[in-house]
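This report covers selected side-chain contacts, ring pairs and ligand neighbours. The sequence and structure come first.

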Amino acid sequence: MKITIIGTGYVGLVTGACLAELGNDVFCLDVDQRKIDLLNNGGIPIHEPGLEEVVARNRAAGRLRFSTDVAASVEHGEVQFIAVGTPPDEDGSADLQYVLAAARNIGRYMTGFKVVVDKSTVPVGTGDRVRIALQEQLQARGVDAGFTVVSNPEFLKEGAAVEDFMRPDRIVIGHDSTPEGLQAAALMKRLYAPFNRNHERTFWMDVRSAEFTKYAANAMLATRISFMNELANLADNVGVDIEAVRRGIGSDPRIGHSFLYAGAGYGGSCFPKDVQALERTARQYEQDLHILRAVETVNDKQKLVLGRKLLSRFGAYLGGKHFAIWGLAFKPNTDDMREAPARVLIRQLLDAGATVAVYDPVAMDEARRVLALDLSAAELARVRFAASPMDTLDGAEALVIVTEWKAFRSPDFGQIKAALKHAVVFDGRNLFEPDVMAELGFEYHGIGRSVLTRN
Ligand SMILES: NC(=O)c1ccc[n+]([C@@H]2O[C@H](COP(=O)([O-])OP(=O)(O)OC[C@H]3O[C@@H](n4cnc5c(N)ncnc54)[C@H](O)[C@@H]3O)[C@@H](O)[C@H]2O)c1
């Protein structure tokens, strides 16, 4: 099938590469010339396990191409996926300018029937706005070409995007019941048939319900995290181990084990903005989403918890004190630092006068870029970008872990202890067991694990 992907970011590039891998002829469009040049020169703009190989293989086979040529991209695909960003607007609502620009481009150049698929995460009703934007362009040109708008939200996770796309736990497709809508549904069924071979994973629904499903999923996941974080803070006060509680409740099949980890707060490009956008949608209908408002407030506060623990241990003024930070990306297996808790922690420590040495297995370049935006030159001079985890430790008062990379799970504790000024570990992801750390001679601060301190 001939497919066009508009927007070659995390979602667009993974979708394009994976659909090419299944034999489709894929054209990836982006407005970012540097990104397209990089891809055409064999480079890859994001860190995503397995992606580089899939892209290289399918480029070499001629099934995957990258371009900034809008007219050619519209000409190419009978199916046009819109996978551009939907960042938060100033009021928290999803900014649809890129989605609508993509729709207008299709209307500007199309000559025959097109299925336009919204893959970006977009608020309820966006399908209608895309249809109108496209229709206006067709009318202006006096062209009568058929099209229909389908919603196909993406559920992949950064860090496991290729795996998630190739083995989805569900495919959500929203379409209308016009003849064009039914034709589009048949096309989407054919396109996704390889993913449904083992068992049917597709949920068919109307466009609005599909748009809503994506927000509901992210809102639920964010809620679980904030729920556990709030309980973890209480656990700290009452001398309870939140990890024991997590296992105790996760074993109930109605609750389940996933997404119950207390930590340093959620970040990334999706949860924060999607929770906000859903709240914003509700406000347009004069409804308050009380639970989601609380989810957001709890998360904003949670990003400060690690820093607060440090300040209460070492004093409000940290001038002359140095700290080691492991993990900068908002989660493991990605270099994405959008809304990453590490950025909040670094700001807190620098504000209190400290210096820091930071390390992340893949996000160092991205960290240099975003911290240069977050910090003044003088502040940036107090951040050392280390070459390895152990390289952060010399002379540090404590080690702080912010991202749960696998490589941090079994470190050489003897080496850590020898390098640190004090054997103190702040574990923002509860990677270690408090009693083991105590036996190893560490003062250990987890999230919601103060039971040993109390005893
Ligand atoms: N990142 C994720 O894990 C994830 C998961 C599921 C859904 N989503 C959703 O998918 C959408 C895309 O997210 P992303 O993380 O891939 O964004 P991204 O910022 O990584 O990529 C978006 C790309 O679109 C390009 N673009 C913007 N306007 C364009 C236009 N008119 N024509 C062509 N290209 C254009 C940008 O240059 C950029 O390369 C968002 O709505 C997001 O919420 C993201």
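## Charges over rings

The charged end of arginine 170 sits over the ring of phenylalanine 155, at 3.8 Å from the ring centre. A charge counts as sitting over a ring if NZ of Lys or CZ of Arg is within 6 Å of the ring centre and within 35 degrees of the ring normal. Arginine 313 places its charged end over the ring of phenylalanine 314, 4.6 Å from the centre.

## Basis of the values

The model is predicted: local features need pLDDT of at least 70, side-chain atom pairs count only at pLDDT 80 or more, and totals for chains, interfaces and linings use all residues. Residues are numbered from 1 along each chain as its sequence is written, and side-chain values use heavy atoms, with hydrogens and water left out.

## Aromatic pairs

The whole structure holds nine aromatic pairs. Rings of Phe, Tyr and Trp (its six-membered ring) pair if their centres lie within 6.5 Å; planes under 30 degrees apart count as stacked, over 60 as edge-to-face and the rest as tilted. Tyrosine 192 and phenylalanine 195 form a tilted pair, because their planes are at 50° with the ring centres 5.5 Å apart. Tyrosine 192 is buried, at 3% relative accessibility, and so is phenylalanine 195, at 5%. Buried means under 20% relative accessible area, exposed over 50%, and partly exposed in between (1.4 Å probe, protein chains only). Ring pairs also join Phe165 with Tyr192 and Phe195 in a cluster.

Another tilted pair is made by tryptophan 326 and phenylalanine 408, with 5.1 Å from centre to centre and 40° between the planes. This pair links distant parts of the chain, 82 residues apart: tryptophan 326 belongs to strand S9 (residues 322–326), and phenylalanine 408 to the loop between strand S12 (398–401) and helix H17 (413–419). Helices (H or I, at least four residues) and strands (E, at least two) are DSSP runs, numbered from the N terminus. Tryptophan 326 is buried at 1% relative accessibility, and phenylalanine 408 is buried with a relative accessible area of 0%.

## Helix H3

Helix H3 (residues 51–60) has Leu51, Val54, Val55 and Asn58 buried. Viewed down the axis of H3, these buried residues fall within an arc of 95°, so they line one face of the helix. The arc is that of the directions from the helix axis to the C-beta atoms. Their cover includes helix H1 (10–21), strand S3 (64–67) and helix H7 (161–166). Just after H3, glycine 62 has a positive phi of about 80°.

## Ligand surroundings

The ligand is surrounded by 24 residues, the closest being Asp30, Lys35, Thr86, Glu158 and Lys273; a residue is near a molecule if one of its heavy atoms lies within 4 Å of it. Lysine 35 has a polar side-chain atom 2.6 Å from an oxygen atom of the ligand. For threonine 121, a backbone N or O atom is 2.9 Å from a ligand oxygen atom. An N or O atom in the side chain of glutamate 158 lies 2.8 Å from a nitrogen atom of the ligand.

Asparagine 218 lies in helix H9 (residues 207–238) and is buried at 6% relative accessibility. Beyond its neighbours within four places in sequence, asparagine 218 is in contact (heavy atoms within 4.5 Å) with Cys270, Phe271 and Asp274.

Asparagine 198, in the loop between helix H8 (179–192) and strand S8 (202–205), is exposed, with a relative accessible area of 65%. Its side chain makes a polar contact of 2.7 Å with that of histidine 199.

Terms used:
A polar contact is a pair of N or O atoms within 3.5 Å; within protein, one must be able to donate a hydrogen and the other to accept it, and residues adjacent in sequence count only if both atoms are side-chain atoms.
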